[in-house]
Amino acid sequence: MKGSYRKLAESSVKFRFLPGMRSALYLGEDHLLLSTQMILVERYRRFFFRDIQTIAAAKSSRWIWAACVWLVPFVFSSLWFIGQSWGYYLTGGVSLLVFGALFVASLLAGPTYVVEIRTAVQRQRLRPIERARKYRRFCRDVLPLIFQAQRAEPSQTEVVT
Amino acid sequence: MNGLALCPICRAPLSSETSSAEEFVVCGYCSSEVTATKFPANLRDFADTPAEPIRNEDSPCFFHATNRAAAVCDSCGRFVCTICKVQTGGEVWCPDCIDKNRNKPSTPQFFDQTILFDNTAFLLAFLSLLSGFYLVGGLLVALVSIGLIIYGWARQRTIVKRSRLRFIVGGLLAAVQGIGWVALALWFAHYYTQIMQQA
């Protein structure tokens, strides 16, 4: 069973340390698996290809604010240079480098979307694919599989779990 | 709501259609730029196709005596109607069997959550250090952490791949904690004896 899942995407590094925000999306044989970690418990939600009704994405400005999370400590890191000794310079330099790199990496990750998947009985945000690049890759790889599964499906009522 | 795509921000129905996942339209309510991919299942109305009623010599559903059986449960062999039939990975299950097999290792397709023993053991050891509880009950915490690691090593049933690294790091941390606490206790006992002798 473990080998049958392929990881499609997972939440970004800074969300991995927040309870309930660490999540990953896996591709199974006939379904998508969303795994969300709540510190001590991992929860799973399955979306069978035959039951998925819509996948919608809305552009959001969250990526700019997410980058600003790193910009604030980056700016404050420059205050280390007020202290006139090599120790302060070194600490300031290292923190400027670290937070600057995180800021640039956050911007380079690209715009964010709010992505939602809907079936007849549930509606769920797909946080792992909320970066534009990941969403496009998801659309390219997974949407054809869903269409294919629903075309092959006979028109009869299926009870969804 | 069948047939309609909803805006993920405001949940309002989208008035215009998008032809591909790359094309965006403006939501009429919240003005967000939205794209929606609708699948054939979106047009399927579940209420329009209820379970068929039983006729003549049809077999009835085990759970609904008035409904015609549409499938056989692959686990227990009971006849089930379209309401009770649950299909996962090419197998048909009845609700009763799903309930019975929910937490069995042989049916990972029904796991909806699992306890992460590795995180529990690691956090227990780590937080006791942070909180200062270590000074009082360090040995107890270390033993509980190691116990959790031994217990959870074979029992942690995540359905996706998960590295054993957290178990190893948690075990090492707990072992160092335990040894450190014993050393600290011995040193304190020795120091206390010396003071008492001097007094």
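Is Asp118(B) buried or exposed? Asp118(B) is buried, because its relative accessible area is 1%, and under 20% counts as buried. The model is predicted.

**Asp118(B)**

- Asp118(B) belongs to helix α2 of chain B, which covers residues 117-131.
- Beyond its neighbours within four places in sequence, Asp118(B) contacts Gln156(B), Arg162(B), Ser163(B), Arg166(B) and Phe167(B).

**Interface of chains A and B**

- On the side of chain A, 46 residues are in contact with 53 residues of chain B.
- About 4500 Å² is buried between chain A and chain B, and carbon and sulfur atoms give 55% of that area.
- The rule finds two salt bridges across the interface of chain A and chain B.
- A salt bridge joins the side chains of Glu116(A) and Arg11(B), with an N to O distance of 2.0 Å.

**Nonpolar cores**

- The largest nonpolar core has 24 residues, and those touching the most other members are Leu32(A), Ile52(A), Ile55(A), Leu126(A) and Phe138(A).
- Two or more residues of this core come from each of these elements of chain A: the strands β1 (6-10), β2 (22-27), β3 (31-38), β5 (54-60) and β6 (112-118), and the helix α3 (132-152).
- Helix α3(A) gives the largest share of this core, seven residues.
- Not counting residues up to four places away in sequence, Leu32(A) touches Leu8(A), Leu25(A), Tyr26(A), Leu27(A), Arg45(A), Arg46(A), Phe47(A), Phe49(A), Ile52(A), Ile117(A), Phe138(A) and Val142(A).
- Another core lies apart from this one and has 14 residues, including Cys84(B), Val92(B), Trp93(B) and Cys97(B).

**Nonpolar surface patch on chain B**

- Phe133(B), Leu135(B), Val136(B), Leu184(B), Trp187(B), Phe188(B), Tyr191(B), Tyr192(B), Ile195(B) and Met196(B) make a nonpolar surface patch of about 1100 Å².
- Helices α3 (134-155) and α4 (165-198) of chain B are the elements that give two or more residues to the patch.
- Seven residues, the largest share of the patch, come from α4(B).
- One patch member, Tyr191(B), is located in helix α4 of chain B.
- Tyr191(B) counts as partly exposed because its relative accessibility is 41%, which lies between the limits of 20% for buried and 50% for exposed.

Note on methods. Residues are numbered from 1 along each chain as its sequence is written. Chains are lettered from A and ligands numbered from 1 in the order in which they are written. This is a predicted model: local features need pLDDT of at least 70, side-chain atom pairs count only at pLDDT 80 or more; totals for chains, interfaces and linings use all residues. Side-chain values use heavy atoms; hydrogens and water are left out. Patches are made of residues with over 30% relative accessible area and no salt bridge: like charges are joined within 9 Å, nonpolar side chains (Val, Leu, Ile, Met, Phe, Trp, Tyr) within 5 Å. Accessible areas come from the Shrake-Rupley method with a 1.4 Å probe; for residues, only the protein chains shown count as cover. A salt bridge is a side-chain nitrogen of Lys or Arg within 4 Å of a carboxyl oxygen of Asp or Glu. Helices (H or I, at least four residues) and strands (E, at least two) are DSSP runs, numbered from the N terminus. Buried means under 20% relative accessible area, exposed over 50%, partly exposed in between (1.4 Å probe, protein chains only). A nonpolar core is a set of buried Ala, Val, Leu, Ile, Met, Phe, Trp, Tyr and Cys residues joined through side-chain atoms within 4.5 Å. Contact means heavy atoms within 4.5 Å. Buried area is the accessible area (1.4 Å probe) that two parts lose on being put together, summed over both.
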